[in-house]
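Look at the sequence and the fold below before reading on.

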Amino acid sequence: AQDSCAHQCGKLLGACSCQVTCQSLGICCPDYKEFCLQISPYSGSLMGGKDFLINNTALNNSSVLKCRFKQNITTSGYVDKDGKGHCISPLLYETGFIPFEVSTDGLTFPYSGTWLSVHHSKVSDEEKCTLVNETKWQYYGTPNTGGNLTLTWAQQTLAATHVNIEVWGYQETGDSYSENWMAEWKYLYTLARKIPNTGKYSFIPVPTEGSYSTWHFGILRIIPNNYFDGHRQVHQNIDNIPSIWSSEHALAWHLEKDFRKDPNAWATAKCIEWDRKEELLPNFMEEIIDCPCTLAQARADTGRFHTDYGCDIEKGSVCTYHPGAVHCVRAIQASPQYGAGQQCCYDSSGTQILTYDSTGGSTPDRGHDWGSPPFLKPPRIPGFSHWLYDVISFYYCCLWSDNCDFYMKRRPSSDCRTYRPPRAASAFGDPHFLTFDGLNFTFNGLGEYTLVESDLTSLRVQGRTQQAHFSNGTGAQGTGLSAVAMQENNSDVIEVRYSEDLNLQVLLNQRVLNFSEQTWMDLKGLYLYSTPDQNITVMFSSGSGVEIRGSGGYLTLTILLPEKFMNHTWGLFGVMNGNPEDDYTFKNKTTMSVHASPQQVFEFGASWAIENGTSLFTYDTEFLLNSFFFGEKHNASFLPVFSPHEDPADPLVQEMVSHCGSDPFCRFDVLTTRSFQVGNSTRLSHQNHKLLVEHLEPVVSCGWLEPPTNGRKNDTNYLLGSTINFTCNEGYELRGSQERTCQASGAWSGDTPQC
């Protein structure tokens, strides 16, 4: 059929469209909604077992539904009594959007959609069963921990009168860092069979026998009892069972008798065995990024570091594994070769806590907690590789026995001596631009422009401006950012825009995203995060970050680029090289003086208009097509006010002075839009930018200083200007420097003290 979307979703056909933009343009093929599937819920844990509904597609009750994920994982679906199709998500060893297709005849798969597979820790608690008092489960059998264990779940999730509770274990087989290294979740045994689906189960755990006791890390699964055990052995198909999983945890409660007899001795042996294995593995520490020196830097470098959900200052600093810390961050990108992760923790004074000084110090990870593309194989499995190398070993050495020095020796904190903060550029209001090198200007063109482009990673960030409006609805002689689109190398394309009814929308490859279920998404070449109040952060794999928020009807944009982009950028944000003099570099590479007139700056801006061939924007309405796709990319007939006149007789001017103070951008915007709301949000964005630049100032660190043997030191701050005093224990005298100061060169004054 020429005009059918069967097998054609995402394509533009001769007579009609099966692309996602076809709906707002009114050019869809008649059966678009039937074949291009909309599902709810749209996301679930990578562990699978989530039942999701296929909307808009009416199916025949006799159809045999098959759902095929990634073209090779086929699961059975079913049709409910209302004629709606359902699929059950499969167990996947990766996160992100997973393509799937549906068949009603068992042979052809004409229907298609995408499923969002999510890190197990990022799934809402309602979706999991709860290990009541989880610490008790994970310390069971250690001194003073015993008795009943209780599991609770939302019983309505499973349409069954009776359920089974199963124990699963995770293992990685083959040789570390080789082709045959494989990840596997394995069904171990059924803990409870055919119990009533009441939403609660309590039991006294019995130590396991034989081979089960070699599984120390695992998870529980609750399934309807009518999928009996034998069914699994025959088909090996565990994927079509609606399931409720627990959180992944240390299986202390199921360990063998030897553990219960003497947990300390058992765990010590495991800790030493882990230590010996680590000895043979490659050193991943050399390739992970150094930590930011201060809490301010760590929270400002949003392109490369993100809050560690285990220790968050915004959620009351509950830092169980890091006593003394108020906030930790994790490096977003895993290290290139080994897929390792970095973690950095800070105390209330904002200085970094090192494991050399405290067990609350930050510890790097052999396996990045979030996994890393292309996932699927160790050490890149989201969450679980990390558990195997970095978490269960912490139980062996630090929590079940008293051998934490073994762990800290293998996972020492990185200090910040090689950390270099990124550079920031911002645009906001009636667009005012602050470049990476600190130049600021106003460019009020109407059109679509290159904000930054780099030949280092093919990074492109493009901005669209639209005419500002006075509070009375007439067009003002100024513009503001209404959309920003971006891509790096061959990553997904992200666009953040105000829709025509002034809602903030985020588009992924032209499709409007919905954050109702997930606020963090692992996408191709980038991570995307949206806060509840719609601050959008895009974190590209190069470490560059883009932050966008809506304020006062315009977008406020901040771009953070790591130092490796020096001398590799151009566009409206200029050439990032520490020198503002060449920031007015035209597209044809000619430059003009930083003292240019507003009219000349307008010509500079116009030179950076984009072309349809390289545009990253989505034109999915008549208005956008006519104004920007078929119209000029830089509207030469729109002339803004270059320097608004301050008329002392204008009542607005007196009020403006009290609102804006001396902020020139705020004054400009109040005069051009006659709106204090716009002026205020501009003043705030300007302040935020100045603060950000302040927080990203480089800080000199001299590195960790060891206390002398038989002595001690009085401080753990190793940054510029810090002085550390040494004293000796009684009966010892000090040779060498009694105090040492961190100098601007990055070296400590004096020499090493001895007692």
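The domain assignment divides the protein into domain 1 (37–118), domain 2 (125–259), domain 3 (262–411), domain 4 (423–642) and domain 5 (700–754); such bounds come from an automatic or database domain assignment. Taken over C-alpha atoms, the centres of domain 2 and domain 4 are 49 Å apart. This is a predicted model, in which local features need pLDDT of at least 70 and side-chain atom pairs count only at pLDDT 80 or more, while totals for chains, interfaces and linings use all residues. Residues are numbered from 1 along each chain as its sequence is written, and side-chain values use heavy atoms, with hydrogens and water left out.

Rolling a probe the size of a water molecule over the atoms shows where empty space is left. A cavity is a set of points, on a 1 Å grid over the protein atoms alone, where a 1.4 Å probe fits but cannot get out, and its lining residues have an atom within 4 Å of a point. Points are joined across faces, edges and corners, and the volume is the space filled by probe spheres set on them. The structure has four cavities of 30 Å³ or more.

The largest cavity has a volume of about 90 Å³. It is lined by 13 residues, of which Gln352, Leu354, Ser701, Tyr718 and Leu719 are the closest to its centre. Because domain 3 (262–411) and domain 5 (700–754) both give residues to this lining, the largest cavity lies between them. Its lining has six nonpolar, six polar and one charged residues, where Ala, Val, Leu, Ile, Met, Phe, Trp, Tyr, Cys and Pro count as nonpolar, Asp, Glu, Lys and Arg as charged, and the others, Gly among them, as polar.

The second largest cavity holds about 60 Å³ of space. Its lining includes Thr95, His119 and Lys122. Strand S9 (111–118) and strand S30 (520–523) each give two or more residues to this lining; strands (E, at least two residues) and helices (H or I, at least four) are DSSP runs, numbered from the N terminus. The second largest cavity lies between domain 1 (37–118) and domain 4 (423–642), because both give residues to its lining.

The last stop is helix H13 (residues 664–673). Eight of its 10 residues are buried (under 20% relative accessible area, with a 1.4 Å probe and protein chains only), so H13 is largely enclosed by the rest of the structure. Among the buried residues are Phe665, Cys666 and Phe668. At the start of H13, a side-chain oxygen of Asp663 comes to within 2.9 Å of the backbone nitrogen of Phe665. After H13 comes Arg674, with a positive phi near 50°.

Terms used: On a 1 Å grid over the protein atoms alone, a cavity is a set of points where a 1.4 Å probe fits but cannot get out, and a pocket is an open set with protein on both sides within 12 Å along at least five of seven lines; lining residues have an atom within 4 Å of a point. Buried means under 20% relative accessible area, exposed over 50%, partly exposed in between (1.4 Å probe, protein chains only). A polar contact is a pair of N or O atoms within 3.5 Å; within protein, one must be able to donate a hydrogen and the other to accept it, and residues adjacent in sequence count only if both atoms are side-chain atoms.
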